[in-house]
Amino acid sequence: MSQRLNQYDQPIGNAVPDWHARPQPLRTVLQGRYCRLEPLDAARHAADLYAAYAAASDNSMWTYMVTGPFADADSYRRHAEAAAASNDPLHYAVIDLRSGRASGTLALMRIDAANGVMEVGHVTFSPALQRSPVSTEAQYLLMQYCFAELGYRRYEWKCDSLNQPSRTAAARLGFQYEGTFRQVLVYKGRSRDSAWFSITDQEWPALQAGFAAWLAPDNFDEDGVQRQSLAALRQAQASPAATVSQPVTAITVRALQADDYAAWLTLWRGYQAFYHVSLSDAVVATTWQRLFDPAEPMFVLGAFDAQQKMLGIVHAIYHRSCWTEGDYCYLQDLFTAEDARGCGVGRALIEAVYQRAHEHGASRVYWNTHESNATARSLYDKLADRPGFIQYRKLLA
């Protein structure tokens with residue numbers, strides 16, 4: 001589409017005909033298949049919420065929150081009373097329909113009805129909700145309310161730029177990374193740079209269809225494990241023409257086993273060919289051995305389709321840092337089979353590394369790619385920051 005110009009030949013934005021301010025969000029109940037969102041009510045929800053949060057093994061869930069942790073149920077109840085009285089942020093309790101109990105909260109905030117913009121924030125999900133259909137559906141219900149019912153144009157997600165789990169969640173849910181705003185806040189005695197993400201109303205129809213497909217009961221097996229990832233289903237909605245010749249498969253990611261060697265070797269050789277290198281058989285054998293040695297700080301994951309065909313691999317290494325007490329995680333090698341590209345395999349592998357590194361206690365996942373690798377960089381720009389550092393190297397042997 002060509003750029004619009006005004007009478008002075010200056011470029012101007014797209015027309016928004018008949019625009020008018022959007023309604024304010026209401027204290028309404030939003031019903032889903034796995035959960036229900038209710039306006040936060042301390043009398044009804046605070047006890048359940050405190051108990052759900054107290055089930056966590058430590059207080060790490062509060063590190064990047066402005067509030068918390070809470071010493072006891074009374075202090076949390078006072079916090080919930082103040083939050084429930086607020087109109088912006090407008091807090092909702094997430095009711096897990098399996099238990100009937102409140103197990104998390106999230107809020108609509110920075111509500112700009114005149115321009116049709118709002119933000120989701122104060123996302124505080126207990127361990128019972130994390131990485132579950134309930135947590136995904138809770139996010140979906142608020143998005144659907146924002147776009148389909150209230151007619152807003154833009155939906156935002158902001159987090160501490162160091163909060164990798166939050167950044168990963170934003171990317172998984174379909175938010176687009178827009179940049180990092182420096183020194184935006186001071187909280188808990190420290191400075192915060194904020195990473196900004198958004199979804200627009202033009203993007204919502206494809207995202208909505210992806211959520212609907214992912215949340216469908218037939219997308220989960222008898223153990224509640226997803227058959228197809230949200231990224232794969234979203235890709236199918238965003239590029240329906242591509243799925244005629246490139247069907248979306250159910251992608252699962254797991255640690256490799258000894259009998260995966262042949263399939264791993266095929267992909268590992270493909271990765272080397274992509275970078276025009278050929279490692280010796282001795283190096284290949286040593287690498288495979290190290291990946292399975294508990295004493296080594298390395299691991300390997302594979303992505304598989306429903307027929308257990310290996311679609312991609314990733315190697316990662318934990319290492320010490322002079323800047324932290326815990327480890328960093330270096331994602332050294334990532335490769336997707338040529339006939340599986342465009343189906344969300346790379347994203348699924350990166351997100352699996354994020355999750356595994358988080359469970360290990362690593363504070364950072366990082367990797368390199370060549371500047372000419374434009375296809376991969378278009379994905380990486382959605383999942384991580386480009387800090388601008390230039391790599392130097394000196395070969396010693």
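Which residue in β5 does Glu 38 stand opposite? The residue is Ala 93.

## Basis of the model

The model is predicted: local features need pLDDT of at least 70, side-chain atom pairs count only at pLDDT 80 or more, and totals for chains, interfaces and linings use all residues. Residues are numbered from 1 along each chain as its sequence is written, and side-chain values use heavy atoms, with hydrogens and water left out.

Helices (H or I, at least four residues) and strands (E, at least two) are DSSP runs numbered from the N terminus.

## The open sheet

Eight strands make up an open sheet of mixed pairing, ordered β3-β4-β5-β6-β7-β8-β10-β9. Two strands count as paired if DSSP finds at least two bridges between them. The edges are β3 (30–31) and β9 (176–187); each has a single partner strand, so one side of each is left without a neighbour in the sheet. Strands of a sheet pair through backbone hydrogen bonds, either parallel or antiparallel.

Strand β5 covers residues 90–96, and seven of its seven residues are buried (under 20% relative accessible area, with exposed over 50% and partly exposed in between, for a 1.4 Å probe and protein chains only). In a regular strand the side chains alternate between the two faces of the sheet. On one side of β5 the buried residues are Leu 90, Tyr 92, Val 94 and Asp 96, and on the other they are His 91, Ala 93 and Ile 95.

Strand β4 (residues 35–39) pairs with β5 in the antiparallel sense over five bridges. Strand β6 (residues 101–112) is also antiparallel to β5, joined by seven bridges; here Val 94 stands opposite Gly 104. The hairpin of β5 and β6 has four residues between the strands, and Gly 100 takes a positive phi near 75°.

Seven bridges pair strand β8 (residues 154–160) with strand β10 (residues 190–200) in the antiparallel sense. Arg 154 stands opposite Thr 200 in β10, and Lys 158 stands opposite Trp 196.

The pairing of β9 with β10 is antiparallel, with eight bridges, and places Thr 180 opposite Ala 195. Two residues lie between the strands in the hairpin of β9 and β10, where Lys 188 has a positive phi near 50°. Val 184 belongs to strand β9 and is partly exposed, at 41% relative accessibility. Beyond its neighbours within four places in sequence, Val 184 contacts Arg 192 and Ser 194, contact being heavy atoms within 4.5 Å. Val 184 and Ala 15 are 169 residues apart in sequence, with 31 Å between their C-alpha atoms.

## Helices α1 and α2

Helix α1 (residues 42–54) packs with helix α2 (residues 73–84) at an angle of about 130°, and the axes are 9 Å apart. That makes α1 oblique to α2 (angles under 35 degrees are roughly parallel, over 145 roughly antiparallel, 65 to 115 roughly perpendicular, and the rest oblique). Axes are lines fitted to C-alpha atoms, for helices over the stretch in contact, and angles run from 0 to 180 degrees between N-to-C directions.

From α1, the residues Ala 42, Ala 46, Leu 49, Tyr 50 and Tyr 53 meet Ala 73, Tyr 76, Arg 77, Ala 80, Glu 81 and Ala 84 of α2. By class, the contact of α1 with α2 has nine nonpolar, no polar and two charged residues. Ala, Val, Leu, Ile, Met, Phe, Trp, Tyr, Cys and Pro count as nonpolar, Asp, Glu, Lys and Arg as charged, and the others, Gly among them, as polar.

## Two buried residues

Phe 175 sits in the loop between α4 (164–173) and β9, and is buried at a relative accessible area of 1%. Phe 175 and Lys 382 are separated by 207 residues in sequence and by 8.4 Å in space, C-alpha to C-alpha.

Glu 351 lies in helix α10 (residues 345–360) and is buried, at 15% relative accessibility. Not counting residues up to four places away in sequence, Glu 351 touches Thr 168, Ala 171, Arg 172 and Leu 383.
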